[in-house]
Amino acid sequence: MTKATNRVAAGLAAVTLLAALTGCGGASDADQGTASGAGDVASLTTPSAPTSGTPTGGAANGRPQLRLDTTEEEEQQFWMTYNVCLRDHGVQENKGRSAGAVGDGPGLSLDQSGEPKAAYVACANKLPLQPPELDRDKNPNYVSQWNDYVQCLRGRGMKIHSLPDGSGWTYDDGVANPSNGLDGPALAKVDKECTMEVFGAHR
C-alpha cells in the first residue's frame with residue numbers, strides 16, 4: 001500500500017498522519033482544501049485567522065501561510081476558517097458522519113465531491129498554504145530531505161520506507177501496521193520532531 005502526498009492534520013491515526021505530512025510537499029492545494037479543517041458544530045462561525053501562522057510578507061493573494069512551527073491549534077483554526085467559508089458558500093455537510101471523522105478535523109465534515117465549484121473559487125484566499133520547506137516546487141532539496149524524514153521516522157519505530165521520487169512512502173514488506181504501536185499523540189510528536197529535525201534544519 002502506497003501513501004501519496006496529502007497533508008491533513010496532526011493527531012490522527014498512523015497512516016492518516018503520515019499521509020497528511022507528505023501532502024505538505026506534493027498534493028495540490030485544491031486536493032488539500034477538500035479534505036481538512038476543524039470547528040465546533042454547535043457554534044460554527046467564521047473565526048479570525050491567527051496571525052502567528054502568517055509571517056510578514058505572506059502570500060500575495062492573501063492566503064494564510066503555514067510555517068513549520070505553526071501549532072496544531074493554529075492550523076486547525078485556519079482550516080476551520082476555510083471550511084466554514086466552503087459551507088457558507090454551498091458545500092454540503094455530511095450530517096451522517098461523526099464529528100471528527102478522519103480528514104475533517106473535529107466537528108465539521110464536508111462533502112468531498114468538490115461541488116459547488118464556485119464555493120472553492122470564493123474561498124480560495126482562505127485555503128492555507130503549506131510551509132515552503134514542504135513544497136517540492138519551492139524547496140529544491142525536497143526529495144533528499146523527504147528521504148531523510150522517512151529515515152527519521154524509521155529511527156523512531158515506523159515500519160515504512162520512502163518511494164524513490166519522494167512522492168510518498170510504503171509499508172515495509174509484511175507489515176500491516178506501520179506505526180508499530182505508536183498512538184495518536186505519540187505519533188504526532190514523532191511527526192513534528194522529524195519534520196523540524198529534517199526540514200527545519202535547512203533554512
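Reader: Which residues have the most contacts inside the largest nonpolar core, and how many residues does that core have?

Author: In this predicted model, the largest nonpolar core has 17 residues, and those with the most contacts inside it are Trp146, Tyr149, Leu153, Ile160, Cys194 and Phe199. A nonpolar core here is a set of buried Ala, Val, Leu, Ile, Met, Phe, Trp, Tyr and Cys residues joined through side-chain atoms within 4.5 Å, where buried means under 20% relative accessible area, exposed over 50% and partly exposed in between, with a 1.4 Å probe and protein chains only.

Reader: Which elements each supply at least two residues of this core?

Author: They are α5, β3 (168-171) and α6 (184-198), and α5 gives the most, with six residues. Helices (H or I, at least four residues) and strands (E, at least two) are DSSP runs, numbered from the N terminus.

Reader: And what is isoleucine 160 in contact with, leaving aside its neighbours within four places in sequence?

Author: With contact meaning heavy atoms within 4.5 Å, isoleucine 160 touches Val150, Leu153, Arg154, Trp169, Thr170, Tyr171, Asp172 and Pro178. Leucine 153, from that list, has its place in helix α5 and is buried, with a relative accessible area of 0%.

Reader: Before I go on, what should I know about the numbering and the pLDDT limits?

Author: Residues are numbered from 1 along each chain as its sequence is written. Because this is a predicted model, local features need pLDDT of at least 70 and side-chain atom pairs count only at pLDDT 80 or more, while totals for chains, interfaces and linings use all residues; side-chain values use heavy atoms, with hydrogens and water left out.

Reader: Changing topic, how many aromatic pairs does the structure hold?

Author: There are six aromatic pairs, a pair being rings of Phe, Tyr and Trp (its six-membered ring) whose centres lie within 6.5 Å, with planes under 30 degrees apart counted as stacked, over 60 as edge-to-face and the rest as tilted. The rings of tryptophan 79 and tyrosine 82 have their centres 6.0 Å apart and their planes at 75°, so that pair is edge-to-face. Tryptophan 146 and tyrosine 149 form a tilted pair, 5.3 Å centre to centre with 35° between the planes.

Reader: Where do tryptophan 146 and tyrosine 149 lie?

Author: Both are in helix α5 (residues 142-155), three residues apart, which is about one turn of the helix. Tryptophan 146 is buried at a relative accessible area of 1%, and tyrosine 149 is buried at 0%. Together with Tyr142 and Phe199, Trp146 and Tyr149 form one aromatic cluster.

Reader: OK, cysteines next: how many disulfides does the count come to?

Author: The count comes to two disulfides, a disulfide being a pair of cysteine sulfur atoms within 2.5 Å. Cysteine 85 and cysteine 123 have their sulfur atoms 2.0 Å apart, whereas for cysteine 152 and cysteine 194 the separation is 2.1 Å.

Reader: What does the pair of cysteine 85 and cysteine 123 tie together?

Author: Cysteine 85 lies in helix α3 and cysteine 123 in the loop between α4 (117-122) and α5, so the pair ties together parts that are 38 residues apart in sequence. The link is left-handed, with -90° about the S-S bond.
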